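Me: I want to learn how to read a model like this one. Please take it feature by feature, general idea before particular case.

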Amino acid sequence: MLYLFLIHYLNKLYDIPGINVFRYITFRSATAAFLALLISLLLGPKVIARLRQMKIGQYIRKIDQEKGPDLSEMHKGKAGTPTMGGILILISILVPVILLGDLTNRLVILMLIVTCWFGAVGFLDDYIKLVMRRSLGLTAANKLFWQICLGIAVGLYLYYYPIIPDKATQLYFPFLKNFHPTLGWWYIPFVVLVIVGASNAVNLTDGLDGLAIGCVTISALAYVVMTYIVGRADYSAYLQIAYVKEASELTVFVAALVGAGLGFLWFNAHPAKVFMGDTGSLALGGALGIIAILIKQELTLVIIGGVFVIEALSVIIQVASYKLRGKRVFLMSPLHHHFERAGVHESTIIVRFWIVAAILAMIGLSTLKLR
């Protein structure tokens, strides 16, 4: 709103020196990141205090184990830690984007809708579990239903109102510059898979202090670069990747996500003072999924968000193996709990996962050139 007011109204009337700096994506993105960080740091203590006052704390459930340390005993010190901190993340993202983003850009609107929708699903789940004291919250089927509903709506919209008219349903493969298969109608379920899969993968990763938000922030840093490049005709032509005319404006959103992530990590780092809950994890995962779709880099998300993919696969493999063979592959899933059960310290696991996330993000960025 501030951007539109300054550029399209105030500057046209008075031609104020310096106002034109707001036309630059780089300036608004850097400002959005700083503002998101500032909001998160300033608002964080108040949000945490309010959640603590409302007694919205983490419940540590007992887990049946065959061997390895008792994780419920190891994590008992986290019981009562305020959760639903995803509210802080969402506020820290939305305020800078609303102020500094171009709200006439349909891709920005799509980003806002998807992030808020998944955040609302997560909030409802957290609210039922923590405020209404119903331990299961929303059922998995209910959560998937609302996630899939939005995924289908987004898929239909992008199919009938494509971001690249002549390449609406094409897929762009990392490292391959001339292989762009067309999915046709299958593009709609593919969009659902990317958004819902990314959302739930981040949700599964959110199990240790700072693990999920650190990996999300690293992935978002990579997407700051990618959204800017994809939105530039000259850069995308040079790199021989899809050019999405409206995509550069998404850089403001992703930069705000980075700032909000760093601010939340300040309070979520071990030992955590607050957890994001499903409110944050589902929203952030959905945001990463829709970013990848809107810049036509859906498959690159598998690399950049590789930590989330591995975490989700560990759960799938564990469940499938137990049902088919009656045996577990991992000591526990998701994968970060396997390492905990193996005796690796929580802080060591977190930092190593961050390192892996950073390496994968750099590999993902390198696919833009290596074709």
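Reply: Start with surface. Accessible areas come from the Shrake-Rupley method with a 1.4 Å probe, and for residues only the protein chains shown count as cover. Here the accessible surface of the protein chain is about 17100 Å², and 68% of it belongs to carbon and sulfur atoms. Two notes on the source: residues are numbered from 1 along each chain as its sequence is written, and side-chain values use heavy atoms, with hydrogens and water left out. This is a predicted model, in which local features need pLDDT of at least 70, side-chain atom pairs count only at pLDDT 80 or more, and totals for chains, interfaces and linings use all residues.

Me: What share of the residues is buried?

Reply: Cut-offs come before the count. Buried means under 20% relative accessible area, exposed over 50%, and partly exposed in between (1.4 Å probe, protein chains only). Of the 371 residues in the protein chain, 52% are buried.

Me: How many helices and strands are there?

Reply: Both are DSSP runs numbered from the N terminus: helices are H or I with at least four residues, strands E with at least two. The protein chain has 15 helices and zero strands. Among contacts with a separation of 6 or more, 76% are between residues 24 or more positions apart.

Me: How do I describe a helix pair?

Reply: Two packed helices are described by the angle between their axes and the distance between the axes. Axes are lines fitted to C-alpha atoms, for helices over the stretch in contact, and angles run from 0 to 180 degrees between N-to-C directions. Helix 7 and helix 13 (residues 306-325) pack at about 80°, with axes 8 Å apart. Angles under 35 degrees count as roughly parallel, over 145 as roughly antiparallel, 65 to 115 as roughly perpendicular and the rest as oblique. Helix 7 and helix 13 are therefore roughly perpendicular.

Me: Which residues of helix 7 and helix 13 meet?

Reply: Ala201, Val202, Leu204 and Thr205 in helix 7 meet Val307, Phe308, Glu311, Ala312 and Val315 in helix 13. They divide into seven nonpolar, one polar and one charged. The classes are: Ala, Val, Leu, Ile, Met, Phe, Trp, Tyr, Cys and Pro nonpolar; Asp, Glu, Lys and Arg charged; the others, Gly among them, polar.

Me: At what angle do helix 4 and helix 11 pack?

Reply: Helix 4 (residues 86-100) and helix 11 (residues 277-294) pack at about 45°, with axes 7 Å apart. They are therefore oblique to each other.

Me: Is Asp209 buried or exposed?

Reply: Asp209 is buried, at 3% relative accessible area. It is in the loop between helix 7 (187-205) and helix 8 (211-230). Now look for a polar contact: a pair of N or O atoms within 3.5 Å; within protein, one must be able to donate a hydrogen and the other to accept it, and residues adjacent in sequence count only if both atoms are side-chain atoms. The Asp209 side chain makes one with the side chain of His270, at 2.9 Å. Glu249 is buried too, at 7%. A 2.5 Å polar contact joins the side chains of Glu249 and Arg28.

Me: What should I check in the backbone?

Reply: Most residues other than glycine have a negative phi, and most peptide bonds are trans. The His270 to Pro271 bond is cis, with omega near -5°. Ser333 and Pro334 are also joined by a cis peptide bond, with omega about 0°. Met84 has a positive phi, near 65°. Met84 counts as buried, at 2% relative accessibility.

Terms used
Contact means heavy atoms within 4.5 Å.
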